[in-house]
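Dear colleague,

Please find the structure below, handed over for your own work. My notes on what was found in it follow directly after.

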Amino acid sequence: MILAKCPLRISLVGGSTDTVSFLKKFNRGAVISFTSNLYTYVSIHQNNINRYIVNCSTREETKTIEEIKNDIVRECLKKFVVRPCTVSFNTNILSSGSGLASSSSFIISMIKAICIFQNRKMSNKNICDLSFEIERIINPLAGYQDVYGCAVGNFKRIDFYLNNQQAYKFLDLSFVLDKYKMYLVNTGVTRSSTKILRTLDVDKSYYLLSVVDKMEQAIANKDSKKFFQIFNQGWEIKKTTSSEIMNSENLSKLEQYLVDSKMISGIKLCGAGGGGYFFIFVDKKQNSQFKKYFEKGYPANPLIQVDIDSAGVVGTKI
């Protein structure tokens, strides 16, 4: 059996500047993000029954690749012309509509698993390039930050250019993480990113490029006060880029409840917006107090502590 896993990415600032439409107008985009300790898992093994079996949200059994309804499995198997096998998907978080790039992560895990299954060698860069090609088949509005942010581990700045070139700069956030915990807050609202991506105002998104530069400088200076000012400023700018990002009474109420606690130093909604998870920073000294406060107001909404993954996509034969 082949098993591959890829982390889910969490973006701090710069989202929306990685879209193809933005790059066509402004020539470059940039994000600061990190790979989390939450993963997608893909396993592949030969089944000797001359059929393709897919175990995901629903089970499929087909004679041909073309009959497979799961978009990710079908498109990945087509690229490699894989012989009949059994493919299983798993994750340790509610991934559908999460804003954590789960579809990109699954594609990357799938390609990594296929490479091992077929004894092929592909660099992470090549895996990202192919993943983005497949992602665009499934979702033509997909941006670059998801695949190029998931496969390469750690906390980093990524610059994107029109010629499909990326530049990575790894950053040290330890001065923040020594004093703050990072959490994902399940909003209980699911959404499709496509609707929101269609409504993005690229001109308003342009200001996020300067926010990325300012955050990188705050990190270099180890200035936590400035870091959180910029982080929250980026979220406020992001909300102006589409009326769909916070177009939900439940989202607005949850955001206000979190802000009213006065125990959160930074907050934003992950991904394109519209639902999924809020990402927050909580002072370690107030952590127990905050957890009690949150559980009192939203006992049914999971609070998930996250850390930084440094490995990126990995795979093995077992």
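Ser 88 lies in strand β5, which covers residues 86–91; strands here are DSSP runs of E with at least two residues, helices are runs of H or I with at least four residues, and both are numbered from the N terminus. This is a predicted model, in which local features need pLDDT of at least 70 and side-chain atom pairs count only at pLDDT 80 or more, while totals for chains, interfaces and linings use all residues. Residues are numbered from 1 along each chain as its sequence is written, and side-chain values use heavy atoms, with hydrogens and water left out.

With a relative accessible area of 15%, Ser 88 is buried (under 20% relative accessible area, with exposed over 50% and partly exposed in between; 1.4 Å probe, protein chains only). Its side chain forms a polar contact of 3.3 Å with that of Asn 55. A polar contact is a pair of N or O atoms within 3.5 Å; within protein, one must be able to donate a hydrogen and the other to accept it, and residues adjacent in sequence count only if both atoms are side-chain atoms. Setting aside residues up to four places away in sequence, Ser 88 touches Tyr 41, Val 42, Ser 43 and Asn 55, where contact means heavy atoms within 4.5 Å.

Asp 159 belongs to strand β6 (residues 155–161) and is buried, at a relative accessible area of 11%. The side chains of Asp 159 and Arg 157 are joined by a polar contact of 2.9 Å. Beyond four places in sequence, the residues that Asp 159 touches include Arg 28, Gly 29 and Gln 165.

Ile 65 sits in the loop between β4 (59–62) and α2 (71–80), and is buried with a relative accessible area of 8%. Apart from neighbours within four places in sequence, Ile 65 is in contact with Tyr 52, Arg 74, Leu 77, Lys 78 and Val 82. Ile 49 is 16 residues from Ile 65 along the chain, and their C-alpha atoms are separated by 14 Å.

As for the whole protein, there are twelve helices and twelve strands. The radius of gyration is 20 Å, close to the 20 Å that the globule rule gives for 318 residues, so the protein is as compact as a globular protein of that length; the radius is taken over C-alpha atoms, and the rule is 2.2 Å times the number of residues to the power 0.38. Of the 318 residues, 56% count as buried.

Yours sincerely
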